[in-house]
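Please read the points below with the sequence and the structure open beside them.

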Amino acid sequence: MAKWTQATIDKWLKNKPKDKARQVYQQDNLRATVYKSGNLTWFFYRKGVSDLKLGTYPAISLKQARAMVLKNMSDEFTGENPDGQLTFKEYCNSAKFLREKNKNRKSNEASMKSLNNLICPVIGHIRMDKITLEDINKFKFEYKAKNSSVNRLLNEIRAVLTHAYQNKAIKHNIQIENLKTDSTPDKRYLQESEINALRQASRERINLGVVEPIENLSKKQYLKVGHLPLIIDIALFCGCRLGEILQITYADIKTWDETKDNSWKINLRAEITKSGNTRDVLLPEWLKDRLAKWWFDNLTEQELEEVRHDRATKKRPRLHHDKKLFPYKSIQTAFEKARDRAELDRDISFHS
């Protein structure tokens, strides 16, 4: 193949491609890409990895392009990686980075959007081997977003720099510190309309597309779903955690003044509270009555007979009072279904 000359370049540009986007010419490790627009770009060809962009003609002449190829080949021979000359944007969009990142990261599409749309407009122009901690800190402290959002972007920058370091494109991996964040989650308070909607939804069941109140169900069916409205009401009106509610026994329902009608409380024993301390919570009389009925309804025929005898013969009957009111490990699915039926936001949890 004849050695390229200025006349060769003039010929390429005169006969620029018309039926395709570009025409690629190569001589040794120098590639010239002529585009339909008439622009010419020089590349350093490296087998097995992406080409390294050297610049455009006429800003970079043929002679200069050849010299740059020789310099890059020399750098490779002496251990210098020409990928370090890529800008941050060029590197994170290089074939090698994309190929390995695509394989190792599940959220690749969202990650690349963050890199190209949020990070590259700020530091994308800086060469990989020239990026400093000062550049990263400038991005970190000047980017207008919550600290937690900035930290997520810093993770994306770390991924690029770590990849570059492992592939010897940069000699030192920059240690980036995250911004401090408040680990306390935002509190979600329910509005009265949301409370009413949730209570209503927990008292309904959809059967063959028809909504019906759970009170209309057979006793067997009611005992399968009747626990949810009671558990929700204990949380709403007594302020108990779910883990505490699922450990409550009928014996934990007590009165603090037998001379008064509405003087009921739930005694949360130390072994079931998160703090490990015993505490009492007030229990509305209407809810106490419903819990008493629920306890009775869940007694077996034999237990019911024993309880009746116990109450007829003893002043302070206690038989079977140690049975848990709600013998469940979790109500997550039932709660979420009720929340969805109430058309409430997904950020509303049982803890809310």
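1. Strands β2 (residues 30–35) and β3 (residues 40–44) run antiparallel to each other and are paired over 5 bridges. Two strands count as paired if DSSP finds at least two bridges between them. Strands (E, at least two residues) and helices (H or I, at least four) are DSSP runs, numbered from the N terminus. Within this pair, A32 is opposite W42 of β3. As background, the strands of a sheet pair through backbone hydrogen bonds, in a parallel or an antiparallel way.

2. The model is predicted: local features need pLDDT of at least 70 and side-chain atom pairs pLDDT 80 or more, while totals for chains, interfaces and linings use all residues. Residues are numbered from 1 along each chain as its sequence is written, and side-chain values use heavy atoms, with hydrogens and water left out.

3. The pair β2 and β3 belongs to an open sheet of 4 strands, with the order β1-β2-β3-β4 and antiparallel pairing. Which strands stand at the edges? They are β1 (22–27) and β4 (52–57); each has a single partner strand, so one side of each is left without a neighbour in the sheet. From one strand to the next, the twist averages 25 degrees. Angles run from 0 to 180 degrees between N-to-C directions, and the axes are lines fitted to C-alpha atoms, for helices over the stretch in contact.

4. Helix α1 (residues 6–14) packs on this sheet and touches β1, β2, β3 and β4. Contact here means heavy atoms within 4.5 Å. The direction of α1 makes about 125 degrees with that of β3.

5. Strands β5 (residues 204–207) and β6 (residues 210–213) are antiparallel and joined by 4 bridges. I206 has V211 in β6 as its bridge partner. The hairpin of β5 and β6 has 2 residues between the strands, and L208 takes a positive phi near 55 degrees there.

6. Another open sheet has 3 strands in the order β7-β8-β9, again with antiparallel pairing. Its edge strands are β7 (253–255) and β9 (279–283); each has a single partner strand, so one side of each has no neighbour in the sheet. Neighbouring strands of this sheet are turned by 40 degrees against each other on average, direction ignored. Strand β7 is joined to β8 (residues 264–268) by 3 bridges, and K254 has K265 in β8 as its bridge partner.

7. Two helices pack on this sheet. Helix α10 touches β8 and β9, and its direction makes about 105 degrees with that of β9. Helix α12 (residues 285–297) touches β7, β8 and β9, with an angle of about 100 degrees to the direction of β9.

8. D233 lies in α10 and R290 in α12, so the pair ties together parts that are 57 residues apart in sequence. D233 is buried at 0% relative accessibility, whereas R290 is partly exposed at 27%. A network of salt bridges links R199, R203, D233 and R290.

9. Compare this with K138 and E142, whose side chains meet in a salt bridge (3.2 Å, N to O). These two residues are 4 apart in helix α6 (residues 133–142), which means that about one helical turn separates them. E142 is partly exposed, at 48% relative accessible area.

10. The side chains of D340 and R339 also meet in a salt bridge, at 3.5 Å from N to O. D340 is partly exposed, with a relative accessible area of 35%, while R339 is buried at 7%.

Key
Salt bridge = Lys/Arg side-chain N within 4 Å of Asp/Glu carboxyl O. Buried < 20%, exposed > 50% of the residue type's maximum accessible area, 1.4 Å probe, protein only.
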